Amino acid sequence: MAAEQDPEARAAARPLLTDLYQATMALGYWRAGRARDAAEFELFFRRCPFGGAFALAAGLRDCVRFLRAFRLRDADVQFLASVLPPDTDPAFFEHLRALDCSEVTVRALPEGSLAFPGVPLLQVSGPLLVVQLLETPLLCLVSYASLVATNAARLRLIAGPEKRLLEMGLRRAQGPDGGLTASTYSYLGGFDSSSNVLAGQLRGVPVAGTLAHSFVTSFSGSEVPPDPMLAPAAGEGPKVDLAAKAQVWLEHVCAHLGLGVQEPHPGERAAFVAYALAFPRAFQGLLDSYSVWRSGLPNFLAVALALGELGYRAVGVRLDSGDLLQQAQEIRKAFRAAAAQFQVPWLESVLIVVSNNIDEEALARLAQEGSEVNVIGIGTSVVTCPQQPSLGGVYKLVAVGGQPRMKLTEDPEKQTLPGSKAAFRLLGSDGSPLMDMLQLAEEPAPKAGQELRVWPPGAQEPRTVRPAQVEPLLRLCLQQGQLCEPLPSLAESRALAQRSLSRLSPEHRRLRSPAQYQVGGRPTLSFCPVRPCPHPAHRSPPLLPAGGAVREAAGPGEQSVCRAVPLRLGAGLTGNNTNHSVFPTACPVLFVSFVHPAHGLRLPGWGWAGVGNLSSREQENLHPSESTGPAGVGDSPVLNPEGQ
């Protein structure tokens, strides 16, 4: 597949921005003749970041660009040859040279959507070797982008809709790529602009900025501007010496403020004049280089009033130290008094910008009712995500050759749900999300008004939901390497994020101790954890031999002590004669014991039930060795998978 002519494509990530074990696995797949096996992976996270109840999906734009440009160049292949065993078959490297993503299909949450634990942000399918190689770069592109977008959304919720938020953390970011990502996705999360010029050029992020203390302190006051003359804003009339005009106004301002005319720093005033000459329609002053009250404020007022006499209006001041909230109150009071004294009403509404290591706690104080702060610049706290520096995204194999695959592990939290899935958001009559639901991809989609039984993780019984609306979550964005629809602009994704957050209930949107949003599975896709069976014969059941029976999970004489049988093993498994699911109180050992003859897969977390709960017709369909033996601990209620 030819790389798209996109200046960002190769900048998003290069093919070798990956972990070495992706290359070693690729060699293993190729050597085993499995490079082209059809496979599907899911990218998701297990817990919402920052102790909250939501996340925002982000990074899809970068993923699509990366996938469409994916190609190993000669230099890439040569380097891999240098780190892989020297006796590696040269044909493997020729295979790598031919790789692209022309057979890769991606379904994804739209960028800016609400995302919750366990729900795939991406479903990636294609040849096993290729989609394995994509793991690390896709995680890199999605995880940090989603983390920053979520962090920015939290800050926006604290600030409220009226305060303007400026991201200014490039100098504190984790390298150039981290800086660009943070500037891009903080905007998606709800910030109004960024100081990052490259984010404006490449991503269309609105850029904004003020001036630094270095500009102010570089002037001593003895400098003579090469051209101190400024024409009136209307373009008519003679030019005026702005520095001289500001000096005249300084006397009036100092008299009004009760200051001596010698107190304001002359270098600061010269800096303000120089900036005003360069930006007469966008003049702003940084007030705390020396003293806000004895120098910064009077010098700003003198230059602002000189500009005002020529028809220009200053746009703002910035504070970068001290008690920002209190200073903003007092400066607003001073502006109002000066506006009345000098008959310039516009001065009352000059913007007050604040910055200085603002975190969530400081932001809440600055955003409180009655605050006179208009614009808040945040750097470190948004780009470094100090409360949680990583999303914890994972990329897990769920199917190979159309057959489900899963990970058991010693940690139940890390178990995966096998098989290709569909995801839906169940909405109330007001459009607010009730819960997200996962199901097997081949199952009929749920409908509005349909009563659904959904199992949340760890629940002892299903939750019954009757949604007023049902929203499919995963959209086809790449099919066989081809873009299915134009990517939305960053501004459109930002708008989606704000709409999505506005629909979320207040208890889920709450940033401290929120109610946890539920994600559940239909009965055919259980979230039951693997737990040991209390029966001694079931402590450590071995893998079953081909045949698909549950004999080796049974007690002595190859009889099932728990009288348990596999039910509705979904995902298209053949040889399964039943179609029920069960409460997780059924014998848990059998969640890890079934091995299907076609693929040798153990399936924990799927439905099982005691024979005593099955109809006589269903019992007749069972293998004889599965339907004999004493009644045991598997007597649990059985649910029809459709909830009927």
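In what order do the six strands of the open sheet with parallel pairing stand? In this predicted model, the order is β7-β6-β13-β12-β11-β10, and the sheet that these six strands form is open, with parallel pairing.

The crossing of α11 past α14 is right-handed. On the α11 side the contact involves W249, H252, V253 and H256, and these residues meet A337, A338, Q341 and F342 of α14. Taken by class, the residues of this contact comprise five nonpolar and three polar, with no charged residue.

Two residues of this contact, W249 and F342, also form an aromatic pair. A search of the whole structure finds 12 aromatic pairs; in the one formed by W249 and F342, the ring centres are 5.5 Å apart and the planes stand at 90°, so the pair is edge-to-face.

A second open sheet is built from seven strands in the order β15-β14-β1-β5-β3-β21-β22, and here the pairing is antiparallel. At its edges stand β15 (403-404) and β22 (482-483), each paired with a single strand, so one side of each is left without a neighbour in the sheet. Strand β21 (residues 475-479) runs antiparallel to β22 and is joined to it by two bridges, with Q479 standing opposite Q482 of β22. The hairpin of β21 and β22 has two residues between the strands, and in this hairpin Q480 takes a positive phi near 50°. Strand β21 pairs with β3 as well, in the antiparallel sense and over three bridges, and R475 in β21 is the bridge partner of A108.

Helix α3 (residues 60-69) lies across β3 (105-108), β5 (122-127), β21 and β22, and runs at about 20° to β21. Helix α7 (residues 135-159) likewise packs on the sheet, where it touches β1 (38-45), β5 and β14 (393-400), and its direction makes about 135° with that of β14.

Further helix pairs were examined in the model. The axes of helix α8 (residues 175-189) and helix α17 (residues 490-503) come within 7 Å and cross at roughly 45°, which makes α8 oblique to α17. The contact brings T184, Y187, L188 and G189 of α8 together with L490, A491, S493, R494, A497 and Q498 of α17, and its residues divide into five nonpolar, four polar and one charged.

Helix α4 (residues 74-83) and helix α5 (residues 90-97) pack at an angle of about 150°, and their axes lie 10 Å apart. The crossing of α4 and α5 is right-handed. Residues D74, V77, Q78, L80 and A81 of α4 make this contact with F93, L96 and R97 of α5, and the set consists of five nonpolar residues, one polar residue and two charged residues.

Technical notes: Residues are numbered from 1 along each chain as its sequence is written. This is a predicted model: local features need pLDDT of at least 70, side-chain atom pairs count only at pLDDT 80 or more; totals for chains, interfaces and linings use all residues. Side-chain values use heavy atoms; hydrogens and water are left out. Axes are lines fitted to C-alpha atoms, for helices over the stretch in contact, and angles run from 0 to 180 degrees between N-to-C directions. Helices (H or I, at least four residues) and strands (E, at least two) are DSSP runs, numbered from the N terminus. A crossing is left-handed if the near helix is turned anticlockwise from the far one by less than a right angle, and right-handed if clockwise. Contact means heavy atoms within 4.5 Å. Ala, Val, Leu, Ile, Met, Phe, Trp, Tyr, Cys and Pro count as nonpolar, Asp, Glu, Lys and Arg as charged, and the others, Gly among them, as polar. Two strands pair if DSSP finds at least two bridges between them. Angles under 35 degrees count as roughly parallel, over 145 as roughly antiparallel, 65 to 115 as roughly perpendicular and the rest as oblique. Rings of Phe, Tyr and Trp (its six-membered ring) pair if their centres lie within 6.5 Å; planes under 30 degrees apart count as stacked, over 60 as edge-to-face and the rest as tilted.
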